[in-house]
Amino acid sequence: MQKIINDPSCVVDEMLEGFVKANSELVSATENERVLKYKKAPIEGKVGIVTGGGSGHKPAFIGYIGKNMVDAVAVGELFSSPPAQMFYDAIHEADAGKGVAILYGNYAGDNMNVAMAMELAEDDGIKVGKVVANDDVPSAPRETREKRRGVAGEILMWKVGGAMAAMGGSLEEVIAAAQKAIDNTRSMGVGLSPCTIPEVGHPNFTIEPGNMEVGIGHHGEPGIEVAKLETAGQIAKRMCDVILPDLPFAAGDEVVVLVSGLGSTPLLEQYIFYGEVEKILCEKGIKVHQAFVGNYFTSLEMAGITLTLMKLDDELKECIDLECNSIGLTQYPKD
Amino acid sequence: MDKFTQQAGSLIVDRLIVAIQENKQYLSDIDGAIGDGDHGINMNKGFTLCREALDKQPGDFTYGLKTLGKILMMKIGGSMGPLYGKFFLSMGKALEGVDEIGRDEFGAALKASLDSIHAISPAQVGDKTLMDVLIPAEEAYSNAAAEGLPFGKALEAMDAAALKGRDSTVDMVAKLGRSSRLGERSRGVMDAGSASCYLILHTMADTIKELLA
């Protein structure tokens, strides 16, 4: 195992320790060592934004803590949902009396743990609402969209929900905006090599050299098909062919494009891929309002890439354009 | 006397902890085939935390079950934390104030555990989850009890149904949880949750039979 770690069973705690030290101007630790919060949270008069999930996706989830973004995050073990206690404590850290929106991804464990945490928080008199991201197209057919898992589209959901909260939206308005964001977002990934959870010690699946796993999940869930590795242009076409008809995205639409490496795919390749995606969108008359390219939502050292598209309307555009500051995503004020 | 005391029952929790600790690798390996390979690690972490808590403050069967349940539910996360957390917590609550546990008391506790999982999970038989073990095991136990079989025989019926349930998951296509997204590709591999659920029920049956002997 080629990893720069100490004790394999302590990687999450040691990562958090380093993360807080390195980013002390933006985030702070809380009483619960598995909950981090925005230094200024809870913010008076603002709906709190909470998320959480398993570790191993850096900069997600804690990297999206920040100004006009996420207020508190529950941190799980590698690829494993945080327990109810951590979501519950995160809700408390984010609550300023105006309610808390929990915006997270569709995984069985997260669903159960968030449900229990929300019940406990409601008992304490905190208003809570949730939006469950389900942007990963290949993970279930369109008719059963509620079964799809949440992947990199979660970032755009946090961006929109965080912006709506920052602009003074009520809990209902924040929930509605975040729901609209994810309803207009579609994603897909391909994997080229697996990753290793340090405590497991070996890769938990294999991809033969020369092959790629089409539709791979963020935890190495095998995809829908194993295909021969293709060129960046062919992969971009393959992914657009799945994503575009699903919403559908059509000529005249304005979109946000988010390309994320899965961990060990260089930015060089990500930009080649993005260029191909933009070419296809341009041919179809779809206008790119903004593009994000980088390691936004990873799976340890997996190689591969995900493509996420969000269709904009005026409200979503306003939310995307609002300035924000977090380690994972910064939006400078638009001129 | 076909009963065991709360005091003696603490051995069951001790044995459950050992069983999970000894099978950490086995459970992770099964999980690795169609999941992410951390099932054994997370279970071991929860059960070991419970060992530490019980070493500091020992207690009877109910106390041990509730301690285990609370730790799994609040500290472990994933899907297994809440599911097994509810399982043990409900079993412990159902046995609260029962000094001597016999066939019917244990049956009621097992039923309470099953109901508590039904309340948070939609899983049914055939979905390739731990419910493929728990539902038929509880059914076999209550049927045996209804037929008037003694405690030990009811436990054997539960154990046999649990094993059969575990093995039945091999040929299933997952319908819930992370592996459900694999469709046909989840066939041919045992479900990790069903493996740990069998291990738990089997260890309970064996230890209770030993206490009754």
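"Which residues does S142(B) touch, not counting those up to four places away in sequence? They are G107(B) and K111(B). Before I go on, keep in mind that this is a predicted model.

S142(B) sits in helix α7 of chain B, which covers residues 131-146.

Now, the two chains. On the B side, 23 residues are in contact with 28 residues of chain A. The elements of chain B giving two or more residues to that side are α2 (24-34), α3 (39-56), α4 (61-76) and α5 (80-94). The largest share comes from α4(B), with four residues. By class, the chain B side has eight nonpolar, nine polar and six charged residues.

Last stop, the sheet in chain A. This one is open, with six strands in the order β10-β9-β8-β13-β11-β12, and the pairing is mixed. At the edges you'll find β10 (225-228) and β12 (287-294) of chain A, each pairing on one side only. From one strand to the next, the twist averages 20°.

Let's zoom in on one pair there. Strands β8 (residues 185-193) and β13 (residues 303-311) of chain A run antiparallel, joined over eight bridges.

Terms used:
Residues are numbered from 1 along each chain as its sequence is written. Chains are lettered from A and ligands numbered from 1 in the order in which they are written. This is a predicted model: local features need pLDDT of at least 70, side-chain atom pairs count only at pLDDT 80 or more; totals for chains, interfaces and linings use all residues. Two residues are in contact if their C-beta atoms, placed from the backbone, lie within 7 Å. Ala, Val, Leu, Ile, Met, Phe, Trp, Tyr, Cys and Pro count as nonpolar, Asp, Glu, Lys and Arg as charged, and the others, Gly among them, as polar. Two strands pair if DSSP finds at least two bridges between them. Axes are lines fitted to C-alpha atoms, for helices over the stretch in contact, and angles run from 0 to 180 degrees between N-to-C directions.
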